[in-house]
Amino acid sequence: MSVSGVTRRSFLRAASAGAAALSAAACTGFPTSGNGGMIFLSTQFRPADEAERFRGLLADTAPGVGYVTIEESPFSSQVRSQVDAGSTQIGLLGGLHGDIAPLADGYLQDLTGLLADLGDRGWSADYLQLAKVGTDRTWYIPWATASYVLAAHADALEHLPSGVDATSLTYDQFLDWAIAARRANGNRPMLGLPAGPKGLLHRFTQGFLLPSFTGGQITTFRSNEAVTAWQYFRDLWANCAPSSTNYDFMQEPLDSGEVRVAWDHVVRLVDAPERDPRNWRMLPAPRGAHGLGYMAVIAGLAVPKGSSDPELAQRTISALTRPETQLRLLRSNGFFPSVDTATPDDLPPAVQLEADAVRRQQEAPGAILSLPPVGLGQREGEVSKVFKDSFRSIVLDRADIRATLDQQARVLQGILDDLKVPCWAPDPAADLCRVG
């Protein structure tokens with residue numbers, strides 16, 4: 001999310017994973033901190049400008065901590081190799097749930113006691129449950145979060161069906177709105193979706209559409225309710241701007257007026273209302289028969305076994321999860337607080353709009369928390385391709401829905417069988433994930 005002093009360019013870099021990790025020391029292969037002190041190894045804030053802003057925050061809140069960024073795949077292997085060798089050079093870890101959760105099988109310190117010491121900072125029950133990674137112990141402390149929402153201009157809001165609350169849409173009402181807006185606009189669709197080569201439309205299917213229609217993502221992948229969900233997607237797509245297959249970041253066509261309603265990651269929406277925020281709304285995703293499915297991007301803080309300075313690591317976690325520090329992170333790097341804290345009135349208007357939408361989404365009755373795939377490592381892209389290929393076949397090419405889901409289910413199950421991983425939210429965390 002853009003905040004004051006942060007440029008559009010920096011956020012586009014962040015959304016596309018940004019810069020590479022810092023250079024590694026030749027003798028160990030381990031990234032060096034560059035300024036001494038305890039090493040805080042993280043997959044987050046890899047672009048150079050974001051890393052420097054976060055280092056400034058760290059210098060004020062946790063002196064003596066060197067922040068080192070690394071990509072997701074070597075993150076896991078680096079931690080495992082050091083712990084296995086009994087020579088852990090890292091003091092603290094930061095990453096998304098999917099980065100940290102696979103390390104709970106013997107590579108992290110139990111933080112249950114630390115969580116109790118931190119007191120009631122207002123973490124959601126869902127986040128605290130995820131931090132247990134299917135056990136009765138806490139393996140990381142929730143750090144920050146982001147999500148996906150709808151953005152709508154006043155031009156499109158005029159065409160909401162009578163009596164419909166934009167902040168509490170059903171998927172049927174969302175479709176009716178898209179149809180009404182298209183008809184009122186000379187049969188030109190006002191809705192756009194990020195279906196371009198670098199777009200995140202597969203997250204819509206994984207974390208929003210399927211959970212809302214089926215209650216799951218993987219275990220309900222080929223269910224009758226999933227067939228209904230994909231039929232709905234066809235109908236919705238018929239009322240989307242044809243150029244959606246070229247859209248990677250929805251803030252650009254929203255800003256230009258090509259479309260007036262869009263769904264996307266908050267980072268990829270925030271620039272659209274920047275010039276005229278009074279005419280924009282950010283809205284929660286719609287809800288379906290099973291509830292309001294939404295995908296949360298959750299970052300956590302963990303301590304590796306054999307941490308080089310476990311006491312400083314825990315003090316740093318405490319400092320980074322204080323409400324005032326969480327709000328500073330929102331301003332500097334655009335990640336929402338994971339703790340319950342009031343949003344200040346002086347945030348940039350676009351960020352305030354997003355904060356309200358994310359809160360409504362999380363607190364909606366029947367909200368269904370979904371996660372990006374967990375524990376897949378370098379093969380996460382193959383799972384995402386299953387959802388992308390399903391969209392291409394069913395929605396764009398209008399292939400038979402049942403036959404397509406059966407075919408893609410076999411591909412998906414093959415990947416999961418190779419990896420032997422449990423499912424992730426919202427599916428039950430069985431020992432081995434089975435496609436249903």
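Select Asp 418 and Arg 379: their side chains meet in a salt bridge, 3.1 Å from N to O. A salt bridge here is a side-chain nitrogen of Lys or Arg within 4 Å of a carboxyl oxygen of Asp or Glu. Asp 418 sits in helix H16 and Arg 379 in the loop between S10 and helix H15 (380-396), so the pair ties together parts 39 residues apart in sequence. Helices (H or I, at least four residues) and strands (E, at least two) are DSSP runs, numbered from the N terminus.

Before you go on, note that this is a predicted model, where local features need pLDDT of at least 70, side-chain atom pairs count only at pLDDT 80 or more, and totals for chains, interfaces and linings use all residues. Residues are numbered from 1 along each chain as its sequence is written, and side-chain values use heavy atoms, with hydrogens and water left out.

Now show the surface. Asp 418 is exposed, at 53% relative accessibility. Arg 379 is partly exposed, at 22%. Buried means under 20% relative accessible area, exposed over 50%, and partly exposed in between (1.4 Å probe, protein chains only).

Next, select Arg 222 and Asp 406. Their side chains form a salt bridge, 2.8 Å from N to O. Arg 222 lies in the loop between helix H9 (201-214) and helix H10 (224-237), and Asp 406 in helix H16 (residues 401-419), so parts 184 residues apart in sequence are tied together. Arg 222 is partly exposed, at 33%.

Move to Arg 328 and Asp 60. Their closest N and O atoms are 2.8 Å apart, in a salt bridge. Arg 328 belongs to helix H13 and Asp 60 to helix H2 (residues 48-61), so this pair links parts 268 residues apart in sequence. Arg 328 is partly exposed, at 34%. Asp 60 is exposed, at 54%. The structure holds 18 salt bridges.

Last stop: the second largest pocket. Select Pro 337, Val 339, Arg 359, Gln 362 and Glu 363, which lie nearest its centre among 24 lining residues. A pocket is an open set of points on a 1 Å grid over the protein atoms alone, where a 1.4 Å probe fits, with protein on both sides within 12 Å along at least five of seven lines; lining residues have an atom within 4 Å of a point. Colour helix H14 (349-363), one of the elements that supply at least two lining residues each. H14 gives the most, with seven.
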